[in-house]
Amino acid sequence: MTFYVENETSETFPFDADKLVNQVAQEVLEMERCPYEAQVNVLLTDNKGIHEINRECRGIDAETDVLSFPNLEFVKAGVFQIDDAMKAGCFDPDSGELILGDIMISMDRVREQAESYGHSIKREFAFLIAHSMLHLCGYDHMEEAEAHIMERKQEEALEALGITREDRD
């Protein structure tokens, strides 16, 4: 599995961001029984950067905490069925890995939300990675039932890694 993490901020972390991305993303993919080696790009930005992309790509003129850009269209969330016609655009020709998509996280929001929720920056960062990875696996939270499924899966992934709400910096 390959996870590319680019930090375009001057943020430093009380944890290894690359390692945490790798751990959380792999846990989600194992939970979802992804049958492929996968590739994900993660961009760490600030409120200004994510605001601009949110406006350009989604038509929403506001900051947000995380944006997910899936490369696959799922018929059913978590079911990795890729027909032959789509394979060329879904797999990296050099590595053979499934290109799941891109994640963009506002580190300003990570800090703000960690403080607001009373848990660690590490926990908030891991939560947003898990949340976004589930989006890349076809999940959404537009309807209440879908939201409950995502919430449960996010918590399961973090609990499996020992990352809890009680974590403090």
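In which hand does α5 pass α6 in their crossing?

1. Before that is taken up, please note that this is a predicted model, in which local features need pLDDT of at least 70, side-chain atom pairs count only at pLDDT 80 or more, and totals for chains, interfaces and linings use all residues. Residues are numbered from 1 along each chain as its sequence is written, and side-chain values use heavy atoms, with hydrogens and water left out.

2. The crossing of α5 with α6 is right-handed, a term used when the near helix is turned clockwise from the far one by less than a right angle. Helix α6 covers residues 144-160, and its axis lies 9 Å from that of α5 at an angle of about 130°. This makes α5 oblique to α6, since angles under 35 degrees count as roughly parallel, over 145 as roughly antiparallel, 65 to 115 as roughly perpendicular and the rest as oblique. Helices here are DSSP runs (H or I) of at least four residues, and strands (E) are runs of at least two.

3. Where α5 meets α6, the residues in contact (heavy atoms within 4.5 Å) include Phe-127 and His-131 of α5 and Met-150 and Leu-158 of α6. By class, this contact has six nonpolar, three polar and three charged residues.

4. Helix α1, residues 17-31, also packs with α5, at an angle of about 40° and with the axes 9 Å apart, and the two are therefore oblique to each other. Their crossing is right-handed, and among the residues that make the contact are Leu-20 and Val-24 of α1 and Phe-125 and Ile-129 of α5. The residues of this contact divide into 13 nonpolar, no polar and one charged.

5. The largest pocket (an open set of points on a 1 Å grid, with protein on both sides within 12 Å along at least five of seven lines) has a volume of about 290 Å³. Its lining, meaning residues with an atom within 4 Å of a point, includes Arg-58, Phe-69, His-131, His-135 and Met-142. The elements that give two or more residues to this lining are β3 (66-70) and α5 (121-136), and β3 gives the most, with four residues.

6. The structure holds one cavity of 30 Å³ or more, a cavity being a set of points where a 1.4 Å probe fits but cannot get out. About 60 Å³ of space lies in the largest cavity, whose lining includes Leu-72, Phe-80, Met-86 and Cys-90. That lining divides into seven nonpolar, one polar and two charged residues.

Notes: Points joined across faces, edges and corners; volume = space filled by probe spheres on them. Axes fitted to C-alpha atoms, helices over the stretch in contact; angles between N-to-C directions. Nonpolar A, V, L, I, M, F, W, Y, C, P; charged D, E, K, R; others polar.
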